[in-house]
Amino acid sequence: MKGFGGLLVALLIAVMPAYSAMCPAWTPARAATEIGQLQQQLQHWDQAYYGQGLSAVSDTDYDNLQSRLNQWLHCFRSPQAGYAAQLPDNGEHLHPVAHTGVKKLPDKLAVAYWMQDRHDLWVQPKVDGLAVSLVYRDGRLVSLLSRGDGLRGEEWLNKAALIPAIPQRINSDRAEIVLQGELFLTMTDHHQAEDGGKNARSKVAGAMMSKQPVPLLSRLNIFIWAWPDGPAQMRDRLAQLSQWDWAWPRSGVSRSGMKNRSRAGVSAGFMTGCRLSRTAW
């Protein structure tokens with residue numbers, strides 16, 4: 001399947017230039033076949049990425065092929081049709097706050113258009129590791145949930161005690177605190193643009209999904225990117241997170257490679273993009 005995927009990407013990228021509004025001159029039968037094959041390939045990659053932590057295709061190629069599929073669906077199905085990543089739905093535990101993900105914009109012009117007339121903007125690192133929810137009750141960690149399908153995830157609390165970057169207790173008088181963040185692997189002197197991701201995300205996924213504790217857990221770090229019920233002002237949120245030792249960067253984290261954004265490599269412990277929002281977490 002992997003060989004087929006590589007061949008499919010090479011062929012599609014070779015014959016398809018950048019996104020075009022033109023619809024292929026296909027018969028309905030040909031269109032159904034082409035759409036079905038590309039949907040199947042994207043679903044295969046989604047399963048590997050979200051279910052096993054494996055990235056078999058570059059972010060750019062995936063986005064280009066997803067755009068191409070959406071164009072075909074628009075041409076041959078309906079203007080409202082579109083393909084979205086297929087997330088695993090085998091989680092058993094409900095997230096206190098849903099994981100909604102981040103919507104990508106294709107270029108600087110789209111970002112500028114989105115930003116116009118918006119003034120309450122903030123920027124944070126886009127660390128693409130394994131998304132999790134942390135739940136503290138009366139200052140004690142009681143749950144560490146995988147992202148799953150965004151609504152339900154797997155309980156990883158037994159692994160949290162083996163990850164020094166995750167405090168088992170925090171100093172807070174709140175009855176409950178829900179945080180959302182990204183688990184990633186810290187690496188020393190690693191440059192994403194030069195060295196690639198080195199399967200860091202898949203290593204994190206393997207460590208978290210293993211039934212037995214593995215030494216790699218001690219090297220994992222976490223970046224908190226959302227506090228849904230936190231203080232209204234960003235400065236207050238950051239100040240409190242700093243008191244809980246969750247300020248960025250934590251020790252051992254490299255900030256190299258910030259301009260190279262990859263779905264697979266950001267979990268190596270450095271920023272490779274940014275998250276832009278108009279509201280506080």
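Let's start with aspartate 138, which sits in the loop between strand 3 (130-137) and strand 4 (140-146). Keep in mind that this is a predicted model. Aspartate 138 has a phi near 55°, a positive value in a residue other than glycine. That's worth a look because most residues other than glycine have a negative phi. Aspartate 117 is another such case, with phi near 65°.

| Residue | Phi | Relative accessibility |
|---|---|---|
| Aspartate 117 | near 65° | 71% |
| Aspartate 138 | near 55° | 61% |

Exposed means over 50% relative accessible area, so aspartate 117, at 71%, counts as exposed, and aspartate 138, at 61%, is exposed too.

Strand 3 and strand 4 pair in the antiparallel sense over six bridges, and valine 132 stands opposite serine 146 of strand 4. They belong to an open, antiparallel sheet of four strands, ordered 4-3-6-7. Strand 4 and strand 7 (220-226) each have a single partner strand, so one side of each has no neighbour in the sheet. On average, neighbouring strands here are turned by 35° against each other, direction ignored. Helix 7 (residues 200-209) lies across strands 3, 4, 6 and 7, running at about 125° to strand 6 (176-185).

The buried residues of helix 3 include Tyr62, Leu65, Leu69 and Trp72.

Note on methods:
Residues numbered from 1 in each chain as written. Predicted model: local features only at pLDDT ≥ 70, side-chain atom pairs only at ≥ 80, totals over all residues. Heavy atoms only, no water. Buried < 20%, exposed > 50% of the residue type's maximum accessible area, 1.4 Å probe, protein only. Helix = DSSP H or I, 4+ residues; strand = E, 2+ residues; numbered from the N terminus. Pairing = 2+ DSSP bridges. Axes fitted to C-alpha atoms, helices over the stretch in contact; angles between N-to-C directions. Contact = heavy atoms within 4.5 Å.
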